[in-house]
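Open the model in your viewer and keep the sequence panel beside it.

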Amino acid sequence: MIAAPGLPGFTLISVEGHGGDFVNASTAERVRGRMDQRVLWMLVDQEKHQQVLALLRATVVSNLVHWWLEPVLDGGQLA
């Protein structure tokens with residue numbers, strides 16, 4: 001579990017990754033032709049994203065983690 005002061009909540013989803021790089025794949029994943037992976041979604045204020053990345057880099061040491069930044073135009077709760 002990833003938890004740190006200042007780190008917002010997030011959603012973690014198990015997925016199957018498809019691609020040509022199976023260097024880190026298990027034998028079962030190689031047979032299936034896809035790798036077990038996780039997707040993490042986190043809403044972060046743009047001015048805080050570098051701080052959040054620093055916290056994640058200190059907590060999750062892996063060269064298998066990729067990230068990107070997308071604008072969120074709006075959000076909220078339906079009820």
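Helices and strands here are DSSP runs, numbered from the N terminus: a helix is H or I over at least four residues, a strand is E over at least two. This is a predicted model, where local features need pLDDT of at least 70 and side-chain atom pairs count only at pLDDT 80 or more, while totals for chains, interfaces and linings use all residues. Residues are numbered from 1 along each chain as its sequence is written, and side-chain values use heavy atoms, with hydrogens and water left out.

**Stop 1: the whole chain**

Show the protein chain as a cartoon. Follow the sequence and the pattern reads β-α-β-α. The radius of gyration, taken over C-alpha atoms, is 16 Å, well over the 12 Å that the globule rule (2.2 Å times the number of residues to the power 0.38) gives for 79 residues, so the chain is more spread out than a compact globule. Along the principal axes, the C-alpha atoms fill a box of roughly 40 × 35 × 20 Å.

The chain exposes about 6,900 Å², and carbon and sulfur atoms supply 56% of it. Such areas come from the Shrake-Rupley method with a 1.4 Å probe; for residues, only the protein chains shown count as cover. Buried means under 20% relative accessible area, exposed over 50%, and partly exposed in between, with a 1.4 Å probe and protein chains only. Buried residues make up 14% of the 79 residues.

Contact means heavy atoms within 4.5 Å. Among contacts between residues at least 6 apart in sequence, 51% join residues at least 24 apart.

**Stop 2: Met 42**

Select Met 42, in the loop between S2 and H2. Is Met 42 buried or exposed? Met 42 is buried, with a relative accessible area of 19%. Show its contacts, not counting residues up to four places away in sequence: Met 42 touches Leu 7, Pro 8, Gly 9, Phe 10, Val 52 and Leu 56. Then pick Gly 20, which is 22 residues from Met 42 along the chain; their C-alpha atoms are separated by 27 Å.

**Stop 3: helix H2**

Go to Leu 56, which lies in helix H2. Leu 56 is buried, at 19% relative accessible area. Draw a distance to Leu 7, 49 residues away along the chain: the C-alpha atoms are separated by 8.7 Å.

Next, select His 49, also placed in helix H2. His 49 is buried, with a relative accessible area of 17%. Which residues does His 49 contact, leaving aside its neighbours within four places in sequence? They are Val 44 and Leu 69.

**Stop 4: Arg 38**

Move to strand S2 and select Arg 38. Arg 38 counts as exposed, at 51% relative accessibility. Arg 38 touches Leu 12, Ile 13, Ser 14 and Val 15, not counting residues up to four places away in sequence. Val 65 sits 27 residues from Arg 38 along the chain, with 9.2 Å between their C-alpha atoms.

**Stop 5: the largest pocket**

A pocket is an open set of points on a 1 Å grid over the protein atoms alone, where a 1.4 Å probe fits, with protein on both sides within 12 Å along at least five of seven lines; lining residues have an atom within 4 Å of a point. The largest pocket has a volume of about 1,700 Å³. Of its 39 lining residues, the closest to the centre are Leu 40, Val 65, His 66, Trp 67 and Trp 68. Volume is the space filled by probe spheres set on the points, which are joined across faces, edges and corners.

Colour S1 (11-17), S2 (35-41) and H2 (49-59): each supplies at least two residues of the lining. S2 gives the most, with seven residues.
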